[in-house]
Amino acid sequence: MKKITRIWHGIVLAEKADEYLRYVEETGILQYKNIPGNLSTKILRKKDKEICHFLTVTEWDSYESIKKFAGDDYEKAKYYPEDKNFLLEFEENVSHYETFEY
């Protein structure tokens, strides 16, 4: 079965990493899980001295399902109001990959 993997990257101060993780769980993760077509959701976190990198990796059954989350311009990153209190930069786009499991 072919899937579409969507990957978003963000950077926060390491001192805010735990708080940001909770915030993402309450916003994006909760929303992902309630959209038909979302197959899985993962957060990868890597602390690097003063900063912390986050990757949100979601798998979807189609681009149409992704659009239910992200809108018609699904390659644009989606942000929430409180992101401005955490993120050090706002990347404009996310990455999508056709994903094959064997």
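**Reading the terms in one predicted fold**

Modeller: S40 is buried, with a relative accessible area of 17%. The model is a predicted one.

Biologist: Why is S40 called buried?

Modeller: Buried means under 20% relative accessible area. S40 has 17%, which is under that limit, so the word applies.

Biologist: Where does S40 lie, and which residues does S40 touch?

Modeller: S40 lies in strand β2. Leaving out residues up to four places away in sequence, S40 touches V57, T58 and E59.

Biologist: What makes the pair S40 and E59 a polar contact?

Modeller: The limit is 3.5 Å between N or O atoms. The side chains of S40 and E59 are joined at 2.8 Å, which is within 3.5 Å, so the pair counts.

Biologist: How do you know that β2 and β3 pair?

Modeller: Pairing needs at least two bridges between the strands. β2 and β3 have 10 bridges, so they pair, in the antiparallel sense. In one of the positions along these strands, K46 stands opposite H53 in β3. The two strands form a hairpin, with two residues between them.

Biologist: What makes K49 exposed rather than buried?

Modeller: Exposed means over 50% relative accessible area. K49 is at 76%, so it counts as exposed. Its place is in the loop between β2 and β3.

Biologist: What is the phi of K49?

Modeller: K49 has a positive phi of about 60°, although it is not a glycine. Most residues other than glycine have a negative phi.

Biologist: What is the order of the strands in the sheet?

Modeller: The four strands are ordered β2-β3-β1-β4 in an open sheet with antiparallel pairing. β2 (38–48) and β4 (95–100) each have a single partner strand and stand at the edges, so one side of each is left without a neighbour in the sheet. On average, neighbouring strands are turned by 25° against each other, direction ignored.

Biologist: How do you know that β1 and β4 pair?

Modeller: The requirement is at least two bridges. Six bridges join β1 (residues 2–13) to β4, so the two strands pair, and they run antiparallel. For I4, the bridge partner in β4 is E98.

Biologist: Where do the helices lie?

Modeller: Helix α1 (residues 17–33) lies across β1, β2 and β3 (51–60). The angle between α1 and β2 is about 165°. Helix α2 (residues 63–70) lies across β1, β3 and β4, and runs at about 30° to β1.

Biologist: In what sequence do the elements run from the N terminus?

Modeller: The protein has two helices and four strands. From the N terminus on, they run β-α-β-β-α-β.

Biologist: Which residues have the most contacts inside the largest nonpolar core?

Modeller: They are W8, V12, Y20, F54 and F69, in a core of 22 residues. At least two residues of this core come from each of β1, α1, β3 and α2. The largest share, six residues, is from α1. In soluble globular proteins, nonpolar side chains tend to be buried together.

Biologist: Which residues is F69 in contact with, leaving aside its neighbours within four places in sequence?

Modeller: The list is R6, Q31, Y32, I35, W60, K78 and Y80.

Biologist: Why is Y79 called partly exposed?

Modeller: Buried means under 20%, and exposed means over 50%. Y79 has 25%, which is in between, so it is partly exposed. Y79 lies in the loop between α2 and β4.

Biologist: Which residues does Y79 touch, not counting residues up to four places away in sequence?

Modeller: Y79 touches W8, L87, F90 and E91. The side chains of Y79 and W8 make a polar contact of 3.3 Å. A polar atom of the Y79 side chain also lies 2.5 Å from the backbone oxygen of E91.

Biologist: How do you know that the radius of gyration agrees with a compact globule?

Modeller: With 102 residues, a compact globule would have a value near 13 Å; the protein has 14 Å, which agrees. The C-alpha trace spans about 40 × 30 × 20 Å along its principal axes.

Biologist: What percentage of the 102 residues is buried?

Modeller: Buried residues make up 40%.

Conventions. Residues are numbered from 1 along each chain as its sequence is written. This is a predicted model: local features need pLDDT of at least 70, side-chain atom pairs count only at pLDDT 80 or more; totals for chains, interfaces and linings use all residues. Side-chain values use heavy atoms; hydrogens and water are left out. Axes are lines fitted to C-alpha atoms, for helices over the stretch in contact, and angles run from 0 to 180 degrees between N-to-C directions. Contact means heavy atoms within 4.5 Å. A nonpolar core is a set of buried Ala, Val, Leu, Ile, Met, Phe, Trp, Tyr and Cys residues joined through side-chain atoms within 4.5 Å. Buried means under 20% relative accessible area, exposed over 50%, partly exposed in between (1.4 Å probe, protein chains only). A polar contact is a pair of N or O atoms within 3.5 Å; within protein, one must be able to donate a hydrogen and the other to accept it, and residues adjacent in sequence count only if both atoms are side-chain atoms. The radius of gyration is taken over C-alpha atoms; the globule rule is 2.2 Å times the number of residues to the power 0.38.
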